[in-house]
Amino acid sequence: MTHLEPYDAVGNRQRVFELRDRGVDVWGPERVYVAADVQLGNIEPGAVIGQANLSGSELRIGRGTRVGVSGHAHVANCQIGRDAEVGAGTYDTATILDGARVRGFAELRPGTLLEEQVEAAHNVAFKNTVLTATVVAGSLINYCDLFMSGGTSRTNHSEVGSGVVHFNFDPRGDKWGSLIGDVRGLLLRAAPIFVGGQCGLVAPLQVGFGSVTAAGSVVREDVGDNRLHSENAERRSVENFDPAIYAGLRRKFLTTALLIGNLRALDRWYELVRLPFAEDYQKPLYRAARQQCRIHIAERIERLQKVIDKLDRSLTKSSESGDERLIACQDEHRRLIERREKIVAILTCEPEPSPAPAEFLTPYEKARRALPHIDALRQVGDAAAQSAAEWIHSAAREPAARLGELLE
């Protein structure tokens, strides 16, 4: 969170009154602090600022958006669209698009993008998290380091039940990300995904469209499309454990590459589809959305390199252990060490993007002239939307395909 400057009562009062004069509904200088680095022109008339500390030169708040109406909100360098709601909590360098709602007592950190009509209830924590349009999250959720999509509307949406935890941090001190749905969900034609309340998702995971994870399950393995996954608490295993020794890593690396590919494809979606037809107020929001993707990609690549850095020690200790299962992984680990530079090159490469298919882009552009993004998507025929889904999905799979070949 950006550090606030020393309290400036006189300057704050002047800034609050200036916002009021411009048509912003500010509850008053006794409840709102506006730091001197805030560009007041980036807070649109018609916004409502209840109880809040606002800071950062990149801060934007759109018309009709309500900030801090459920309690005090610290908002630094966030980009918030129109008709959104940001309740009590701490919001740092996150991007929240039109009509999204976070009810309160939240913590949003860099790498977070909440698209249109996303809703999160109380006490949620998001970092390096993308929730695409219409996804709904309940209360008491720790949902960091993942991408989630799916569903067609606010009445047929992907949902995360209350009490869900994405276990992104493991006993070796490594952090992993997961992919719940994929970029095809951007077209709002995919089956919704349901993550039941009090589930634990053990990263890295892939969860397919139309899948349901039963409440209370701990999900340790990938879940395919249209699957019901239920896992009881009777599973027990006791064995020797040394955090310095790694077992097989191929699946974890390929899942991470697929997540990176989806984030890069999402960046491409904003570049080639959303930005060219954006309204003026949306353009900085969409550019910020692209930056959130890049923040998350950089984190994933850095984390993989930290794992590779530990593999020399793992090789030594696995040999000393005499465990044949661990020794069998040594060739894989040597390849990861030897091909580190090539791995990083694959994951950081930004190939020249292929254009979106004209059969999709032409009707989308026509609809977008008069309609918001989600409504314009719905005006596009299913066949055209399918062509766009195949285009964006092909781009998303490329890094994992290349990495898979390298690790053979």
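These legends describe close-up views of one predicted model. Local features need pLDDT of at least 70, side-chain atom pairs count only at pLDDT 80 or more, and totals for chains, interfaces and linings use all residues. Residues are numbered from 1 along each chain as its sequence is written, and side-chain values use heavy atoms, with hydrogens and water left out.

**View A. Glutamine 292 sits in helix H3, residues 283-309.** Helices here are DSSP runs of H or I with at least four residues, strands are runs of E with at least two, and both are numbered from the N terminus. Glutamine 292 counts as buried because its relative accessibility is 2%. Buried means under 20% relative accessible area, exposed means over 50%, and partly exposed lies in between (1.4 Å probe, protein chains only). The side chain of glutamine 292 reaches the backbone nitrogen of threonine 112 at 3.5 Å. Not counting residues up to four places away in sequence, glutamine 292 touches Gln79, Thr93, Ala94, Thr95, Pro110, Gly111, Thr112 and Leu113. Contact means heavy atoms within 4.5 Å.

**View B. Glutamine 305 also belongs to helix H3.** This residue is partly exposed, with a relative accessible area of 23%. Its side chain joins that of arginine 340 in a polar contact of 3.0 Å. A polar contact is a pair of N or O atoms within 3.5 Å; within protein, one must be able to donate a hydrogen and the other to accept it, and residues adjacent in sequence count only if both atoms are side-chain atoms. Leaving aside neighbours within four places in sequence, glutamine 305 is in contact with Arg340 and Val344. Where does glutamine 79 lie relative to glutamine 305? Their C-alpha atoms are separated by 31 Å, and the two residues are 226 residues apart along the chain.

**View C. Helix H8, residues 358-368, has the buried residues Phe360, Tyr364, Ala367 and Arg368.** Seen down the axis of H8, these fall within an arc of 95°, so they line one face of the helix. The arc is that of the directions from the helix axis to the C-beta atoms. On the other side of H8, Ala358, Glu359, Thr362 and Lys366 are exposed. The cover over the buried residues of H8 includes helix H2 (250-274), H3, helix H9 (373-379) and helix H10 (382-406).

**View D. Phenylalanine 277 and tyrosine 364 form an edge-to-face aromatic pair.** A search of the whole structure finds six aromatic pairs. In this pair the rings lie 5.9 Å centre to centre, with 65° between the planes. Rings of Phe, Tyr and Trp (its six-membered ring) pair if their centres lie within 6.5 Å; planes under 30 degrees apart count as stacked, over 60 as edge-to-face and the rest as tilted. Phenylalanine 277 lies in the loop between H2 and H3 and tyrosine 364 in helix H8, so the pair ties together parts 87 residues apart in sequence. Both residues are buried. Trp269, Phe277, Phe360 and Tyr364 form one aromatic cluster.

**View E. The largest nonpolar core has 63 residues.** A nonpolar core is a set of buried Ala, Val, Leu, Ile, Met, Phe, Trp, Tyr and Cys residues joined through side-chain atoms within 4.5 Å. Which members touch the most other members? They are Leu187, Phe253, Leu266, Trp269 and Phe360. H2, H3, helix H7 (340-348), H8, H9 and H10 each supply at least two residues of this core. Apart from it lies another core, of 56 residues, among them Val16, Ile80, Ala100 and Leu205.

**View F. The buried residues of helix H4, residues 311-321, are Leu311, Ser314, Leu315 and Ser318.** They cover an arc of only 100° around the axis, which puts them on the same side of H4. The face turned away from that buried side carries the exposed residues Arg313 and Glu320. What covers the buried residues of H4 includes H3, helix H5 (324-327) and helix H6 (330-338). Just after H4, glycine 322 takes a positive phi of about 75°.

**View G. Phenylalanine 105 has a positive phi of about 60° although it is not a glycine.** This residue lies in strand S11, residues 101-108. Phenylalanine 105 is partly exposed, with a relative accessible area of 49%.
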